[in-house]
Amino acid sequence: MTKQEIQEKVNAFLIDRLEYEPSAIKPEAELKRDLGMTSLDAVETAIFIKRTFGFQPERGAVKMLVSIQDLYDYIEKNL
């Protein structure tokens, strides 16, 4: 899977499932500060990663990510 495909899938999830504003979806946007990611959103993101990319994120890993770019990189690294 290419970086572009990862980004497209993550962006679609953030917009469609977590209902973040499309204009807020930028690599440098911070998940908690800029998007307001909650603990429940982090759990949903971990489930999304498992279902979409086929690996289980380590416990608490999603909460430790700061930006959307960190999320892209985490997924790419673990594929």
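Guide: Two residues are in contact when they have heavy atoms within 4.5 Å of each other. In this chain, 59% of the contacts with a separation of 6 or more are between residues 24 or more positions apart.

Visitor: What kind of model is this, and how are the residues numbered?
Guide: The model is predicted, so local features need pLDDT of at least 70 and side-chain atom pairs count only at pLDDT 80 or more, while totals for chains, interfaces and linings use all residues. Numbering starts from 1 along each chain as its sequence is written, and side-chain values use heavy atoms, with hydrogens and water left out.

Visitor: Which pattern does the chain follow along the sequence?
Guide: The pattern is α-α-α-α. There are four helices and zero strands, both taken as DSSP runs (helices: H or I, at least four residues; strands: E, at least two) and numbered from the N terminus.

Visitor: What makes the radius of gyration agree with that of a compact globule?
Guide: The radius is taken over C-alpha atoms, and the globule rule is 2.2 Å times the number of residues to the power 0.38. For 79 residues a compact globule would have a value near 12 Å, and the chain has 11 Å, so the two agree. The C-alpha trace spans about 25 × 25 × 20 Å along its principal axes.

Visitor: Why is Val62 called buried?
Guide: Buried means under 20% relative accessible area, exposed means over 50%, and partly exposed lies in between (1.4 Å probe, protein chains only). Val62 has 5% relative accessibility and therefore counts as buried. Val62 belongs to helix H3. Setting aside neighbours within four places in sequence, Val62 is in contact with Met37, Ala42, Thr45, Ala46, Ile49 and Pro57. Leu31 lies 31 residues from Val62 in sequence, with 9.7 Å between their C-alpha atoms. Across the chain, buried residues make up 39% of the 79 residues.

Visitor: How do you know whether Glu19 is buried or exposed?
Guide: Its relative accessible area is 63%, so Glu19 is exposed. Glu19 sits in the loop between helix H1 (3-16) and H2. Although Glu19 is not a glycine, its phi is positive, at about 60°.

Visitor: Why is Lys9 called partly exposed?
Guide: Lys9 has 37% relative accessibility, which means that it counts as partly exposed. Lys9 is placed in helix H1. Not counting residues up to four places away in sequence, Lys9 touches Met1, Phe48, Thr52 and Phe53. The C-alpha atoms of Lys9 and Ala61, 52 residues apart in sequence, are 19 Å apart in space.

Visitor: What makes Ile47 partly exposed?
Guide: Ile47 has a relative accessible area of 40%, so it is partly exposed. Ile47 is part of helix H2, and its C-alpha atom is separated by 8.5 Å from that of Pro57, 10 residues away along the chain.

Visitor: What is the volume of the largest pocket, and which residues are closest to its centre?
Guide: The volume is about 200 Å³. Of the 14 lining residues, Ala42, Val43, Ala46, Gln56 and Gly60 are closest to the centre. Helix H2 (39-53) and helix H3 (61-64) are the elements giving two or more residues to the lining. On a 1 Å grid over the protein atoms alone, a pocket is an open set of points where a 1.4 Å probe fits, with protein on both sides within 12 Å along at least five of seven lines; lining residues have an atom within 4 Å of a point.

Visitor: Which helix gives the largest share of that lining?
Guide: H2 does, with six residues.

Note on methods. Points joined across faces, edges and corners; volume = space filled by probe spheres on them.
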